[in-house]
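I am opening my notebook on a structure that is new to me, and I will write down what I looked up in the order I went.

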Amino acid sequence: EASTVDNSGDEAKFREDLLRIARTTLSSKLVTYEKDHFATLAVDAVMRLRGSNNLDHIQVLKKAGGHMKDSYLEEGFLLDKKIGVGQPKRIENAKILLANTSMDTDKIKIYGSRVRVDSLNKVAEIEEAEKARMRQKCEKIIAHGCNVFINRQLIYNLPESIFTERGVMGIEHADFDGIERLAAVTGGEVVSTFDRPDLVTMGECDVIEEVMIGEDKVIRLGGCKSGEACSIVLRGASSHVLDEAERSLHDALCILTATVKDPRTIYGGGCTEVLMAQAIDRQVESTPGKKALAMASFARALRQLPAIVADNGGYDSAELVTQLRAAHASGKSSYGLDMYNGIIGDMHELGVAEAFKSKLCVLMSASEAAEMILRVDEIIKC
């Protein structure tokens, strides 16, 4: 903990710390060649959360085409859906009613039952009765005073035409994740019945409009009530590239939100592990008994981590780790492995940083796993 750095009091320095952590996280991913761009996107998105750390407010939208460097942050919420036919394409000061209800009962659906009629007029009466029920339901929805209706399920032709006549924008088939995320960012709640408008909290945003991304149309919600919502639009050559880029970006977002909770940072590149091993070695000299052997083994295990990093980079791990130990012994406590050049270097100058909370979790998990293995008396191979 003595080697941690906390710049949360200075917004500019803290942002630089977050950028360093994001770049370090993305260095081993597919997006490593555009890591500066993606690190900026991730930091900007997390800083918009203002400490709430609710990643549901950050939507990642994948659109094939273009280059990865064409990815950008949209200050608003993007919904990859279509607006109903003939309905307004832009609404300002939107009052949004979010629903999870069936809007397809204008079709006759009587499963497992047989209806006998003596004329086609009776069939028409049944259909008309269904349509009357749907009209009544639509009137209840419009009575809430909303000008945008977003439903998790489908909206069939009859209710769509009713919404069009009344100037209400209808958006259908916003799946479960989408409707829950919309409720979070617009401040509304998802409803299934419409008898009590006074008990319903509607979502709000400054503008809803249809915009183009590449060759596709999406719906943009700007000025959401939460003020924290944003969308990261990922561009790439294929769906496989986009999937990998999304996973890489998600890792960066998770580590950044953890850093915002606990703003302490440490140097990476094996620097922290060698520092910890040094501290343990100093304690070993004054520790009597078998405990000293266990402590020495733990310090040796810590030094294995930079050795593994060097091996993965194709460098001589024995040479680099011994140089790193000598550098720390001479007082260069911020030195670590420079994997681009295969030498040791100053992690502060190179901008290699990690979150203290993440490193602590890794260390605790590894030691607990080692303890569990030691408790096993015998391994039975089947």
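How much accessible surface does the chain have, and what share belongs to carbon and sulfur atoms? I found about 20,900 Å² (Shrake-Rupley method, 1.4 Å probe), with 51% of the accessible surface belonging to carbon and sulfur atoms.

I note that this is a predicted model, in which local features need pLDDT of at least 70 and side-chain atom pairs count only at pLDDT 80 or more, while totals for chains, interfaces and linings use all residues. Residues are numbered from 1 along each chain as its sequence is written, and side-chain values use heavy atoms, without hydrogens and water.

Next I looked up the fold, and I listed 11 helices and 15 strands in the chain, taken as DSSP runs (H or I of at least four residues for helices, E of at least two for strands, numbered from the N terminus). The radius of gyration, over C-alpha atoms, is 29 Å, well over the 21 Å of the globule rule (2.2 Å times the number of residues to the power 0.38) for 382 residues, so the chain is more spread out than a compact globule. I also noted that the C-alpha trace spans about 100 × 55 × 40 Å along its principal axes.

I then turned to the rings and found 1 aromatic pair (ring centres of Phe, Tyr or Trp, its six-membered ring, within 6.5 Å). Phe 149 and Phe 163 are tilted, 5.2 Å centre to centre with 40° between the planes, where under 30 degrees would count as stacked and over 60 as edge-to-face. Phe 149 lies in strand β6 (residues 148–151) and Phe 163 in helix α4 (residues 157–165), 14 residues apart.
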